[in-house]
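Me: I'm new to this one. Can you walk me through it in short steps?
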Amino acid sequence: MSDERVPIQTTQKLMRLMMEYYLGAKMAEGTEQKIAWVTSGAPVELCYAAGITPIYPENHAALCGAQKMSVELCEAAEERGFSRDVCSYARTDFGAIYTGKSPVQGLPKPDLLLCCNNICGTVTKWYQNLQRHFDVPLLFIDTPFIHDEPSREMLEYVRAQLTDTLHALEEITGKTVSPEKLHETLQLAAKATRLWGDTLDLPASKPSPMTSFDTFVHIAPIVVMRGTEKCVEYYQALLDEMRQRVEQGIAAVPGEQFRLGWDNLPVWFKMAGLSKRFSSHKACLVAATYASAWAMPIDAGASNLLEEMARAYLTVYINCGLEERSRTLQTMIDKYDLDGVVMHSDRSCKAYSFGQYELARMLREQRGTPVLVLEADMNDSRVYAEEQVNARIDAFMETLAARGKR
Amino acid sequence: MTSTQLDSLARFEAVCTDPFDLPRQAAAEGRRVAGHMCTYTPEELFYAAGMLPVRILGWTDTTQRADGLIQSYACSLARAVLDLALEGQVDFVDTMVFSHTCDTIQNLADIWRLNLPKMQVITLATPVDIGSPHAVRFYRSELGRARRQLEARVGVVAGEKIDEAIELYARHRAAMRQLYDFRRRHPGLIGASAVQTVALASFLMSKDAHLKMLETLNTELASRRAKSTAPVLPRLFVAGAACQQPDLLGVIEETGCTVVGDDLCTGERAFSMEPAEAADPLERLALMYLSRRPCASKHLAGYNYAKWLLKTAQESAADGVVLLLTKFCDPWAFEYPSLREAFEGAGIPLLLVEVEQHMPPTAQFETRVAAFAEIVGEARKEHAS
């Protein structure tokens, strides 16, 4: 077998799709077409069903991070009073708003904001600031944190807010959303999340056809276009290619020896470097809690669609307590036959990071799984200690090698 | 300082000297203690269950044990309180209540459950969107869940008992507001650090006992009111999350300024609740807690904190505002950009100063506050001339 990495063809399609998406949104600015800025965990299907173009500041921030523009933008936000201790996505985006700079020349202005706090409390504050800046309506969906089980009342609380949100969107566009349209949109979302989930299942085969670094790149459409035909087409193409790679035995990391899991957001500005570092140890990151977050099963055949959405959006990984997170990680260990787990302790994401020390302990004690905790940040390279991170990865991989498996 | 001459203050100071002495005693005497960290915790419910509600702040000077369980970029309140618990300093707690506050506290609740299995933990999914038309109903159901969990431990918690607790707490908050009113209207009568000590003591004591002491203090203050001559000092307003160290306010006063008001969750915000009327006591609690003065961790459609603070500072005739930002407290950090804009626009000096909850004032804090006091004093003179 060759040591050369075989590039993923669908990546070309991704670039076109995302370019079209950002350009299309930009073209809509100033027209009749309504634009909503939404959080990454929000039920975007409501926007698509209402004919509103959703825009994702978080995805945009990641793009800025990957293009190594985030530090400059963070600094612009810090000059306006944003603390260096708050989320670097938020700082990146406010920097882009203040300077107009970004790989896509900034985002089109919103007509409304849609914030769902199922991913963190940071978005609550972030969107309050956006609301003050743009002076447009802010629709808020409050999803209680699930320490144990989601109660009937929690589901009802979220369902009631989804109903209100849908009505508010209808008022903004002046058009009603038919139950058929909502059903159709949800069906498309369900299809796409299933295809994404099927794709994420494939790295269970050995060798893995893709790494988590690949999934981080290919995650964009499922986040921003869930509920559209384009999204379904895209993930069908990606799934087909990945199945082919499995059949042909194409390894994402040629000579794969170690299989690792990843917890928390990517380090956007160090994707290539980290990918190379792990590859050099013949280690493939095969599963990530972050990527799976958008593979949530949605039952588009449910009798009450909003109730089904309430369930799906309330119970995302990051809105659940540590015991549930531990269960998810342990299922991942079995499913992907992991040799170890890498946890990105992300200074910018307190919601995702606090509890990781505990999760690491649980995985070590209950499963004997080695865990590496890397202190870093998703978008702020100023707090990234490269040599230290690399040294820790090398030491961790030596430990795994010493265990003598495979 | 005038306040040191107040006879009834010493008792509050004594309570705060060894903060956990009273709760420990109560537990030893068989009264269950309900611990919590957030003023959104409906203490009335736990008081009605015969428990002693105690707000636990970071009364420790180290976070070494906690550092192994939670990252260093968690706020000092979370780290210090976790450290106290790991050290066994709050073993008197029977039930720890975590009302949803922020990302940090929500994860802390789970870390707590996993590491301190002897304590019962009750989590309350207190709504974030406090103005949602569905919030009261949902929060009412959460309170019902907490009540059932409590009843499994202590027996029936009668509705009349909850109503009684609501009345007691309402009287207590009114008395606290009276104290703050003395501070606002008669600067020099009682200092801000002394008032802060009174507030901190209220978190550690049974409210009936605290109310008695407080009424004595208020009576004493009322009797001195006529004699006090208000010195003309620069007037400052203080805002932020918790302020566990009365000395921080002491430092501000030592610069020759007077604190005329605050929006702190160890200060006026903690006592801003008005009693609500409803047949069902849990609904009363839900209405009260969701309509109190909001914390930065909450969402309320149409509410703009910068506007509120500016208006409040102006109404208090404040010459400047100090924002005590607990390091790594996201909800409050996110308020600063718009605060800065609003106060610059209004020409009122605003000082942002970072604090660690469990640490006494640093030299840097003193320097920055002193420099700020000078700016405010100059501005005041200019206005006067």
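Me: Which residues in H8(A) meet H11(A)?
Reply: In this predicted model, Leu188(A), Lys191(A), Ala192(A), Leu195(A), Trp196(A), Asp198(A) and Thr199(A) do. Their partners in H11(A) include Tyr235(A), Leu239(A) and Met242(A). Two residues are in contact if their C-beta atoms, placed from the backbone, lie within 7 Å. Helices are DSSP runs of H or I with at least four residues, strands are runs of E with at least two, and both are numbered from the N terminus.

Me: How do the residues of that contact divide?
Reply: Into 10 nonpolar, two polar and three charged. Ala, Val, Leu, Ile, Met, Phe, Trp, Tyr, Cys and Pro count as nonpolar; Asp, Glu, Lys and Arg as charged; the others, Gly among them, as polar.

Me: At roughly what angle do the axes of H8(A) and H11(A) cross?
Reply: Roughly 20°, and they come within 9 Å. That makes H8(A) roughly parallel to H11(A). Angles under 35 degrees count as roughly parallel, over 145 as roughly antiparallel, 65 to 115 as roughly perpendicular and the rest as oblique. The crossing is left-handed.

Me: Over to chain B. What about H12(B) and H14(B)?
Reply: Their axes come within 9 Å and cross at roughly 40°. They are therefore oblique to each other. Ala306(B), Lys307(B), Leu309(B) and Leu310(B) in H12(B) do the meeting, with Phe343(B) among the residues they meet in H14(B). By class, this contact has seven nonpolar, one polar and one charged residues.

Me: How many residues does each chain put into the contact between chains?
Reply: Chain B gives 40 residues and chain A gives 36 residues. On the side of chain B, H5(B) gives the most, with nine residues. That side has 20 nonpolar, 14 polar and six charged residues.

Me: Where does Arg347(A) sit?
Reply: In the loop between strand E7 and helix H16 of chain A. Arg347(A) counts as buried because 23 C-beta neighbours lie inside 10 Å. The cut-offs: buried is 20 or more other C-beta atoms within 10 Å, exposed is 12 or fewer, partly exposed is in between, with C-beta atoms placed from the backbone.

Me: What is Arg347(A) in contact with, leaving aside neighbours within four places in sequence?
Reply: Asp377(A), Val383(A) and Tyr73(B).

Me: Which peptide bond is cis?
Reply: The one from Lys206(A) to Pro207(A) is, with omega near -5°. Pro207(A) lies in the loop between H8 and helix H9 of chain A.

Me: Is Ala317(B) buried or exposed?
Reply: Ala317(B) is exposed, with 11 other C-beta atoms within 10 Å. Its phi is near 55°, a positive value in a residue other than glycine.

Me: And Phe328(B), buried or exposed?
Reply: Phe328(B) is buried, with 23 other C-beta atoms within 10 Å. Its phi is positive too, about 75°. Phe328(B) lies in the loop between E7 and H13 of chain B.

Me: Last one. How many helices and strands does chain A have?
Reply: 18 helices and eight strands. Of its 406 residues, 55% count as buried.

Definitions and conventions. Residues are numbered from 1 along each chain as its sequence is written. Chains are lettered from A and ligands numbered from 1 in the order in which they are written. This is a predicted model: local features need pLDDT of at least 70, side-chain atom pairs count only at pLDDT 80 or more; totals for chains, interfaces and linings use all residues. Axes are lines fitted to C-alpha atoms, for helices over the stretch in contact, and angles run from 0 to 180 degrees between N-to-C directions. A crossing is left-handed if the near helix is turned anticlockwise from the far one by less than a right angle, and right-handed if clockwise.
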